[in-house]
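This report describes the strand pairing and the charged side-chain pairs of one protein model. The sequence and structure are shown below.

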Amino acid sequence: MSIIPSFFGNRRTNIFDPFSLDIWDPFQDLSHSEISKETSQLANTRIDWKETPEAHIFRADLPGVNKEEVKVEVEEGRVLKISGERSREKEEKNDKWHRVERSSGKFLRRFRLPENTKVDGVKATMENGVLTVIVPKEEEKKPEVKAIEISG
């Protein structure tokens, strides 16, 4: 039962149910291009990047994604690419969905790595829905100092 009628179509809302207070989207009935769908998926893939003295560490939250559905690649020498696909749950004919909030589809993120990275030593692990990619750093070469003997 709705307490407040909606002026935006047949949608109804209940002020006492915090989950029913949807935001009206005036563009929801317009067909979105494949690019905008892909862009929204890109934005939904959250990735942290931190630098330690030894490595660059990337962590991505990928709940419900198997490691077989994820690809980690280094392109063009120094571009880290993390991509994959989150499968959509199979729908049965008798199912009645009340809300679909979890995203599905392809995701893709790219990061330009700094010059001090060893791209041959990249390692990736997946545990509890978190992808961790470790990109080791090259050892800093200390400038060689050569003492010059002063004659005279």
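Which residue in strand 9 is the bridge partner of Thr125? The bridge partner of Thr125 is Thr132. The structure is a predicted model, in which local features need pLDDT of at least 70, side-chain atom pairs count only at pLDDT 80 or more, and totals for chains, interfaces and linings use all residues. Residues are numbered from 1 along each chain as its sequence is written, and side-chain values use heavy atoms, with hydrogens and water left out.

**Overall composition**

The protein contains 1 helix and 9 strands, where helices (H or I, at least four residues) and strands (E, at least two) are DSSP runs numbered from the N terminus. Their order from the N terminus is β-β-α-β-β-β-β-β-β-β. Of the 152 residues, 22% are buried, that is, under 20% relative accessible area, with exposed meaning over 50% and partly exposed in between (1.4 Å probe, protein chains only). Among contacts (heavy atoms within 4.5 Å) with a separation of 6 or more, 50% come from residues 24 or more positions apart.

Strand 3 forms a hairpin with strand 4, with 3 residues between them. These two strands, the latter spanning residues 55–61, pair antiparallel over 5 bridges, and Ile47 stands opposite Ala60 in strand 4. Strand 8 is likewise joined to strand 9 (residues 130–136) by 5 bridges, and the two run antiparallel.

**Salt bridges**

The structure holds 6 salt bridges, defined as a side-chain nitrogen of Lys or Arg within 4 Å of a carboxyl oxygen of Asp or Glu. The table lists some of them.

| Pair | N to O distance |
|---|---|
| Glu51 and Lys137 | 2.6 Å |
| Glu73 and Lys81 | 3.6 Å |
| Glu75 and Lys81 | 3.6 Å |

The pair of Glu51 and Lys137 links distant parts of the chain: Glu51 lies in strand 3 and Lys137 in the segment after strand 9, 86 residues apart. Lys137 counts as buried, at 15% relative accessibility. Lys81 is also buried, at 16%, whereas Glu73 is partly exposed, with a relative accessible area of 26%. A network of salt bridges links Lys71, Glu73, Glu75, Lys81 and Arg110.

Notes: Pairing = 2+ DSSP bridges.
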